[in-house]
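The following exercises are to be worked with the sequence and the coordinates at hand. Each task is followed by a solution in steps.

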Amino acid sequence: MRNLLGLTLGTALAAAIMAPSAVYAQDAECPVKVGGILPLTGSMGAVGERIAESAQLAFEHINEGGGIKGCPVEFLLRDDQGQPTVGVDAAKFLVEVERVSALTGTVSSGVSLPILTSVTAPSEVVQITCCSTAATFTALAESGESGGYFFRTLPTVKTQAYASAKVASDRGYKRIAVIYVNTDFGTGMVEYFKTATAKLGGEIVAEAAFNENQPSYRAEVNVGLAANPDAVFFVAFPQDGATMTREWISLGGPQNFILNNALRSPDYVEAVGGQYLNNAYGMDNASAGGPTVDAFRDAFQAKYDASADGPGIATQYDAAMVIGLAMNIAPDLSGPAIRDSVRMIQDPDGTVVGTGPEEFAKAVALIKDGKPIRYVGATGPVIFDANGDVNGAALIWNIKDGELGVENTLTIEDMNALFTEIDG
Amino acid sequence: MIGIVSYLVFFLTVVLIFGIACLGLNLQWGFTGVFNAGVVAFYAIGAYTHAIITAPPNPLLIANLGLPWPVGVLGAMAAAALAALIVGIATVRLRGDYLAIATFGIAVTVQLITLNWQSLTGGSLGFTSIPRPLAGYFDGQLSYNIFFLGLVAAATVLVYWALERVVRSPWGRVLRAIREDETAAVALGKDARLFRLQAFVLGSVIIGLAGALHASFIGFVSPFDFLPILTFQIWTMLIVGGSGNNRGALLGALIVWGLWSGSGVLVSKVLPPEFQTQGAAAQSILIGLLLVVMLVFKPRGLIGEEPVVSRHVG
């Protein structure tokens, strides 16, 4: 104990003496360090490994395309093991000891959030995530607590929720019941769906949250049925979704289903029975097309001999590229400068730059000449709103005779118009 | 250099918070033999109570009180005491593995309550805006973190000192007597159930204190912070450090947490980039391996319990 105490006090004392000189001098030395925190082991490990490879591919492209201000990037990857304390510790190490200029990560909102509140926001380091969906990030940005240092490259649940509400209103559903998975994903989705439905003239007559992996959802289904709705909105993953849909049908609920993106799965349709789902529709983020998307997909396929279809792979590539571009634009590599530069990769009058090393080299040349750029990435155009969230194109899917199909697509322009209509 | 100091301050704060929880568990398991497999339940109760008491009012949550930090800490300890009392009265008859199952169930229950009682805890979205004590008086992040480390160190010293006195008192000797041979202790007229309950409640209060410090240090809590893995980590710290020895509990927190984060640094430093995505698995193996090696060569922990021999002998 005496040794431990001595160490503690000694450190505190040493730090106290040095504290006044804690000026964050930014060294312009090579290489430029960028941190990455992703779940490489634990329950998200299988997903996280692919996402990490995508980040490594992006930094390879950045280095082949000229790096950052003439320096190569050193990408320091750490595992968060899906645990908040481990992720926070790794982030603190990267920011303080390695002095990374920016950070990308992580997947779970429950890990990304404490990193933001205890490390990146207080230290003024930009954090861009590929995959954290929680609405809490938007709230923290609105209240100013995140200092504008947080960005994410995946469309938030708001996109899906607003588009779903729009279609419900077009179909004339006035009284809607909602049964949703009790995670930040489900809760956030329902909040936005409620806002949008109210604005579009409908009403949520019942809502029930459920915990995953239960044998039956009769209680939740009964809460929904008791309100006598026109339609029901299920926010669930395929197995649970199929269970509750079957119960809903067998208890005589109206067969007007609104489904979330995770239910766009043949497993779900088969488990429920296609004949009951002819009036169902759902929402998904439309995978944007175009040469920049194809270039990324081909590069990923060539490098890892694996498809780039998995969750988070394309959005992680964009997160890394945004960091690379913003750091080149920034006058220096301080946190505030990089934060402000993230806003400048999407100049409406800029020259379009895409994915891959050649395109990055083109961007670097343009930036050097002081010309504006417009990044169109692995997920299409990446446009951050005031809170660091991105919007995306949406797709309405349906089920006809047991086959999943696409009803129509809402472009980014349609979505922006819808956002304006609902948010004012 | 300044960066390393800044990281070490942060690291030590986390170690000491775990260390406090470990001291609480040590009173329960190390001295009394009460198998609490629901450490994280009391940690979560402490953290959420502190958050609810100190966070500023929020229209989305019913009970944010915005009270001062010390009230939050004391409230967290009181809530943990109350919860432990209720749990303890119901389960203190149980021994060994039965108690482990019961307390594990309680930990899962508490986690599910924090997830589902959205109007109180923020549910899956987590609880934000937990204030940090006296944050307005410091202009730099580092100087503040040093202050907070001092605060946590003071709490650790206080808990350590109090526990050292308590376990050396006649009360502490009864606890050890119960641990060694409950029947013999009962035969000597000691109410074993009452003592076990007291140790369980007191230990849980200390764990609740650690939870409160965690909440105010990180400034955010969510149900995701309180998964069973945390119980496992705190147990590992105690076993590695040496259960039945308060210095061992603190040393265990330092060693195990150091191993956990140090192995991550090692993997990211040593492995070339193309192997790093697989390297994380190596980190898990490394942690497991070192723990096994430590337990094989030091089965009683790094500093095991001091042998107690009556001063009248010899």
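**Exercise 1.** What covers the buried residues of helix 3 of chain B?

*Solution.* The model is a predicted one.

Step 1. Helix 3 of chain B comprises 23 residues, 69–91. The expected span is 1.5 Å times one less than the number of residues, so 33 Å should separate the ends; the end C-alpha atoms are 32 Å apart, which agrees.

Step 2. Select the residues under 20% relative accessible area. In helix 3 of chain B these are B:Trp69, B:Gly72, B:Val73, B:Gly75, B:Ala76, B:Ala80, B:Ala83, B:Ala84, B:Val87, B:Gly88 and B:Thr91.

Step 3. Identify the cover. It includes helix 2 (39–54), helix 4 (96–116), helix 6 (141–168) and helix 9 (192–218) of chain B.

**Exercise 2.** Determine whether A:Ser132 is buried or exposed, and describe its surroundings.

*Solution.* Step 1. Locate the residue: A:Ser132 belongs to the loop between strand 4 (126–129) and helix 5 (136–142) of chain A.

Step 1. Apply the accessibility criterion. The relative accessible area of A:Ser132 is 0%, so the residue is buried.

Step 2. List the contacts, leaving aside neighbours within four places in sequence. A:Ser132 then touches A:Thr106, A:Val107, A:Ser108, A:Ser109, A:Ser112, A:Phe137, A:Arg152 and A:Leu154.

Step 3. Examine the polar contacts. The side chain of A:Ser132 meets that of A:Ser112 at 2.7 Å, and it also reaches the backbone oxygen of A:Thr106 at 3.1 Å.

Step 4. Inspect the backbone at A:Thr106. This residue lies in the loop between strand 3 (102–105) and helix 4 of chain A, and the peptide bond joining A:Gly105 to A:Thr106 is cis, with omega about 0°.

**Exercise 3.** Characterise the interface between chain A and chain B.

Step 1. Count the specific interactions. There are 17 residue pairs in polar contact between the chains, both residues at pLDDT 80 or more, and 1 salt bridge. The salt bridge pairs B:Lys269 with A:Glu98 at 2.6 Å, N to O.

Step 2. Assign the chain A side to elements.

**Exercise 4.** Which residues of helix 14 of chain A are buried, and against what do they pack?

*Solution.* Step 1. Helix 14 of chain A (residues 357–368) has 12 residues and reaches 16 Å between its first and last C-alpha, close to the 16 Å expected.

Step 1. Its buried residues are A:Pro357, A:Phe360, A:Ala363, A:Val364, A:Leu366 and A:Ile367.

Step 2. These pack against helix 2, helix 12 (313–329), strand 11 (351–353) and strand 12 (373–377) of chain A.

Step 3. Just after the helix, A:Gly370 adopts a positive phi of about 75°.

**Exercise 5.** How exposed is A:Asn213, and what is its phi?

*Solution.* Step 1. A:Asn213 is placed in the loop between strand 7 (203–210) and helix 8 (218–226) of chain A.

Step 1. With a relative accessible area of 63%, A:Asn213 is exposed.

Step 2. Its phi is positive, about 60°, although A:Asn213 is not a glycine.

Notes
Residues numbered from 1 in each chain as written. Chains lettered and ligands numbered in written order. Predicted model: local features only at pLDDT ≥ 70, side-chain atom pairs only at ≥ 80, totals over all residues. Heavy atoms only, no water. Helix = DSSP H or I, 4+ residues; strand = E, 2+ residues; numbered from the N terminus. Buried < 20%, exposed > 50% of the residue type's maximum accessible area, 1.4 Å probe, protein only. Polar contact = N/O pair within 3.5 Å; in protein donor to acceptor, adjacent residues only side chain to side chain. Contact = heavy atoms within 4.5 Å. Buried area = accessible area lost by both parts, 1.4 Å probe. Salt bridge = Lys/Arg side-chain N within 4 Å of Asp/Glu carboxyl O.
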